[in-house]
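Please go through the briefing below with the sequence and the 3D view side by side.

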Amino acid sequence: MSVALILGLLLGAGGVQNAIPFVPNLRLGTHALETPFREPEETVVSVVKLEKRSSQTGAFPSGVWEQGSPGSIHSVLAQKPTPPLLSRLWRVLSLRDYNTRVVLLGTTMLGITAGIVGTFMLLRKRALVGDVVGHSALPGIAIAFLVMEGLSPGTGKWLPGLLAGAFAFGLAGAVSVMLIDKYSRIKADAAMAMTLSVFYGLGAALFTIVQKVPGGNAAGLKTYLNGKTASLIADDVWLFVGVAAVVLTLTMLLMKELTILCFDDQFAAAEGWPVFWLDTLLIGLVVTVTIIGMQSVGLILVVATLIIPPASARFWTDDIRRMTLGAGLVGGMSSFFGTIISALFPRMAAGAVIVLTGAFLFALSLLFGTKRGVVIHWWQQRKLRQDVGRVDLLRASFELIEYAVSDPTPTSEEMVAHEIPLGDLISMRAWDAASLRRLIGTAVRDDLMRPTSGDVWRLTESGAEEARRIARNHRLWEMYLMQYAHIAPSHVDRDADLIEHVLDPELIAELEHQLDHMEDNVPVSSHATSGSSSD
Amino acid sequence: MTVAYHRRPVIWDIDYDAPAGELIAIVGPNGAGKSTLIKAALDLVPKVSGEVHVFGQPYEEQRSRVAYVPQRTSVDWDFPVSAQDVVAMGLYGKIGWFWPVSRKWRKEAREALDRVGLADFARRQISQLSGGQQQRVFLARALVQQADLYLMDEPFAGVDAATERAILQVLRDLRSTGKTALVVHHDLQTVADYFDHVLLLNMRLVASGPTTEVFTEENLRRTYGGRLALLDQVGTRLAEGQ
Amino acid sequence: MQRVGARPTDDVCQTKSIMIHEFFQLLSGWSSLDTAIAGSAALTAMSCALPGAWLVLRKHSMMGDALSHSALPGVVMAFLFAVSMKQAGWISEAQKDAFLQVFLFVGAVVVGVGTAWLTEWVQRLGRLDSGASLGVVFTAVFALGLLLIRLDVDDVHIDVDCVLFGIIETAALQTVPGTSIPEPVLVNGAIFLINLLLMVLFYKELKLAAFDPGLATSLGIPARGIHYGLMAVTAMTVVAAFTTVGSILVIGLLIIPAATALMLSERLKVVLALSVGVAALSAVLGHVLTLTLPRMIFSRLGYPTIEDAGTAGMMSVTAGMLFLAALFLSPRHGVISKLIHRLRLGQKIAGDDILGLLFRFEEQTAIRPTDITVPDLVAKQNGISPWLMSLSVRRLLRGDYVSRQTTGELILTERGRESAKSLVRAHRLWEAYMAKHFELPDDHLHETAHRVEHFIDDDIQNRLQTELESPEMDPHGKSIPEKTEP
């Protein structure tokens, strides 16, 4: 049990308070540790001293890296005894706390930047590359530390050096995915999964080593990687702001180049754009954002900040510029509100809340987005079905009347006067009585038909005109198909039924032009108000 | 030139001089390598051997004088851009690095859309256009490039009559201003009406020349009369051997 | 530590033998715990490799990544559930562990299938691409798990790292009560057997559903059901595996062995068997390297205190190394075999060219022997490196295709002449064929024929001859040599 306990200490070093280690063999320990927030370095050092076998058990606590530092922000914002919710809310919202301001600014900047960069990755259909990049960066940090420590002991934690190592390995991970995909039989998805786990595994192995480098004070390094347990500090936020400024400037300057790359890389290549370098630049931006963001929200969650905002923004707009802005907005909003919520409630890890806020915004967008949202899509489909039903109903009515009236083109008076029983209509097409009744109900409401008695209806004036127009349209198309498309006549009707629902006005004009030279068998529009002759 | 996919030659030893200022159709059955020919000419797929000269100079130096109209299926039409944005992409080369698409360029894009009869659709998202309209957007994108040579991959495939007429009108306008267009075409009925020159392709160049001379039943039979089985067999050997 | 201290020496051989010696010396410390670790890891790896191979074949590899993260809330809920059942007094402390095991698997399957279902749903409704919808879903589910984990259960909190990320070194310490068998061996071994059984039972259904889901559905095989079934099995395997070996290794063990196997074979059954083998190998080798490699490297770098690295990480790296090895050494698809093949081909082509040249020279001048020397050949055949040329000449000499006069000139032997004749015949037949079917000027014929002639065997020659109705001349007016009867 002692090993498990030590593990708990070691792994829980990232700001986990009151943690009971839950050991891998699924046995629950019974100790409750009352440890206030402490410096993780001490813990780790003591663990290494305590247990000889710990050299083997000290595998890299991958969880800490991936999840960031849960509760880190909370630990800052709620260090004092918890006041009532309302006053806490006021305290947070009024930004009275310096720390609150710093953390909010930092996460919001990160959210905006990640959202904007993520837009292009999403459109390039490489949404998960951020995941690979983040995992791949791990050995870079360890190696950078070892190299710097080897060159001059004590300098191992020099931030730019660590970031450079992370950047180099993140990029290497992304590039090896591209290489494996291009030059071997292995597809991109497997290449991603492989690169991710091999690089990450290498990083984990190196980190167990790094911990044991004498005098290197590696434990602090790990804490730093875990996302700065003591929360974001002003320096980090300035780094975020700087990175955000660079990334946003680059994105703005290269907006059209990135657009053409994502939309049509073949065309871009044919036009002489350096597709490979643009791709590399884009990956470079992703690597930057991932590495910076990992420190504050953790690896998996930074992946979310790259994907969720652009995916949400896509539901609201069909314009890439607005989508980019929208992704920035969603990213910023989820970070902002996520941070505030996590500051208000103890035990709510900031990173997780940020992602869940984003997921909530995503769900809202998925449902209510004005361009591709589920609700609006459903509404449009419904309207289309109604239109199709109306067209079918009116054409069937026209054909019934036409059949009954010997004159090939019934006049408006004849059409209005004719009684249409339900039974006759049913026999015209493959529809059942219930749905036909529904269609007729809609037509009555739209003043296209009116009930006579029982199951018998008549067309109204406007209904008659509409029916004539629809039948004319349909036959034009049918005729056109027979004439030009060399489709066997027996198939024409089915095709015509499908196509007339999507016929655009342009084409109708084209057909009308031909109609002028073909008089037989086509209902002629009776007067100028009819749809077909008005344009 | 010879082009191979997975080391297996798709087109063999094409040696062709396109006459300038003409409309040229590339005609052949499915799998004859029509699209491959265009893509190889544009350096989009690697060539096993051979080179491409445009107006007497290597293609790389003449890139700006060549415009490409890809197949409609080659892009994701759900992409969040409008018709005008897509057309403006043809101008990006002229606009240059970093500069945004200013009003002047947007106007130029709209004019090109007008030429293909889509002036009213400029602000529409591209997925909301019909297949024919999408094709015309690609055509407009090529037009704004004001190139001298146009390479078009199946522009007439699956389009409505209005589009077909619009494309044809554009092609004739191009010819009347001395431009050259190489068009992959699938509809044998219209080749003679639409094009001056024809290039019959089935893995190798079967025949080429003025439509009136080359577009004969005999040549068509040679083009469409099945692939040369021996060519396939040797191709397989090459792929295995290499 | 002193025994492995770096002893710089100039003698390379000695260094090498020292290193080998050191390697075995380090391994001599191999204990029964090491056996337990390697065995547990191997069984876990094998249990992962089977569903992983199908993930790779179905191009759902990133699903492995997603499932191993999204399992978190399932695990947490199972845990909370077990704890609250105990607190409610329904089960005893002793029973809790058993219940927990069951809940864990149920939770994993529910969350796994749920993730897969939600991903598909978001993809369809939102019209997003699969990567993006996967990314949205699994990160959100993971975040949910992180929040759940901080829920209070009677002041007992769960440590996320220990829940989700097992560590093999400690896992192997736990033995099945009353025996010396490590627990993971039992659990993961059972999972491996279950997976094996399922894969055998549903082999053809899985195969068809992976290759062509549409066809599978039309044949009455529920492709979607198979998809979700595979997800459930994967989720279960993943949960069992990462409580043993940790999550780093799980993704790797799912995907890398299968990818390695795919580099080595094209036959599905062989690929599946190989994946299992590669998985076991990377586990065992990984542990061996953990014990040896870091110490050997870092003691030389001046860090004698470094004794080993985390086994899980090293196993993942080892699996990656095995993949790289397959990438380079695979007999069919490997980079090296392709290079060797290309070299051989270059040699053959150069040799063919020499034979052809000598033959044509004889033909033109009717002089035997010709007065062509190796430097002449090099000068004539531009594009072939002198190095390759002399290599080819040596090969021809050895094969008795040519012989060298005392003055240095090369002449064809009888055998060489036959071979050359066949080549020239192939070349000219091909020219004639092209002249018939291709619209090419005469001066363009040679180049292609020159490229193709090496690949035209007797069979194709015969077919060419039949189709061309036994021509006597090529388009340039040169005679096509008769086929020599054997």
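A contact means heavy atoms within 4.5 Å. By that rule Glu466(A) touches Arg390(A), Leu394(A) and Leu448(A), leaving out residues up to four places away in sequence. This is a predicted model: local features need pLDDT of at least 70, side-chain atom pairs count only at pLDDT 80 or more, and totals for chains, interfaces and linings use all residues. Residues are numbered from 1 along each chain as its sequence is written, chains are lettered from A and ligands numbered from 1 in the order in which they are written, and side-chain values use heavy atoms, with hydrogens and water left out.

**Chains A and C overall**

- Chain A has 25 helices and four strands; helices (H or I, at least four residues) and strands (E, at least two) are DSSP runs, numbered from the N terminus.
- Of its 535 residues, 59% are buried; buried means under 20% relative accessible area, exposed over 50%, and partly exposed in between (1.4 Å probe, protein chains only).
- Chain A exposes about 22000 Å², with 64% supplied by carbon and sulfur atoms; areas come from the Shrake-Rupley method with a 1.4 Å probe, and for residues only the protein chains shown count as cover.
- Among chain A contacts between residues at least 6 apart in sequence, 69% join residues at least 24 apart.
- Chain C has 20 helices and three strands.
- Of the 486 residues of chain C, 55% are buried.
- Chain C has an accessible surface of about 21100 Å², 64% of which belongs to carbon and sulfur atoms.
- For chain C contacts with a separation of 6 or more, residues 24 or more positions apart account for 70%.

- Glu466(A) sits in helix H23 (residues 461-484). Its relative accessible area is 19%, so Glu466(A) counts as buried.
- Phe207(A) belongs to helix H10 (residues 188-212). Phe207(A) is buried, at a relative accessible area of 1%.
- Phe207(A) and Ser152(A) are 55 residues apart along the chain, and their C-alpha atoms are separated by 19 Å.

**Aromatic rings**

- The whole structure holds 18 aromatic pairs over all chains.
- How do Phe276(A) and Trp277(A) pair: stacked, tilted or edge-to-face? Their ring centres are 5.1 Å apart and their planes lie at 80°, so the pair is edge-to-face.
- Rings of Phe, Tyr and Trp (its six-membered ring) pair if their centres lie within 6.5 Å; planes under 30 degrees apart count as stacked, over 60 as edge-to-face and the rest as tilted.
- Both Phe276(A) and Trp277(A) are exposed.
- A cluster linked by ring pairs joins Phe263(A) with Trp77(B), Phe79(B) and Phe138(B).

**Charges over rings**

- Arg141(B) lies over the face of Phe267(A), 3.3 Å from the ring centre.
- Arg415(C) lies over the face of Tyr401(C), 4.7 Å from the ring centre.
- The criterion is NZ of Lys or CZ of Arg within 6 Å of the ring centre and within 35 degrees of the ring normal.

**Nonpolar patch on chain C**

- Met321(C), Leu324(C), Phe328(C), Leu329(C), Val335(C), Ile336(C), Leu339(C) and Ile340(C) form a nonpolar surface patch, with about 720 Å² of accessible area together.
- Helix H14 (311-329) and helix H15 (335-365) of chain C are the elements that give two or more residues to the patch.
- Patches are made of residues with over 30% relative accessible area and no salt bridge; like charges are joined within 9 Å, nonpolar side chains (Val, Leu, Ile, Met, Phe, Trp, Tyr) within 5 Å.
- A salt bridge is a side-chain nitrogen of Lys or Arg within 4 Å of a carboxyl oxygen of Asp or Glu.
- Ile336(C) is in helix H15 of chain C. Ile336(C) is partly exposed, with a relative accessible area of 36%.
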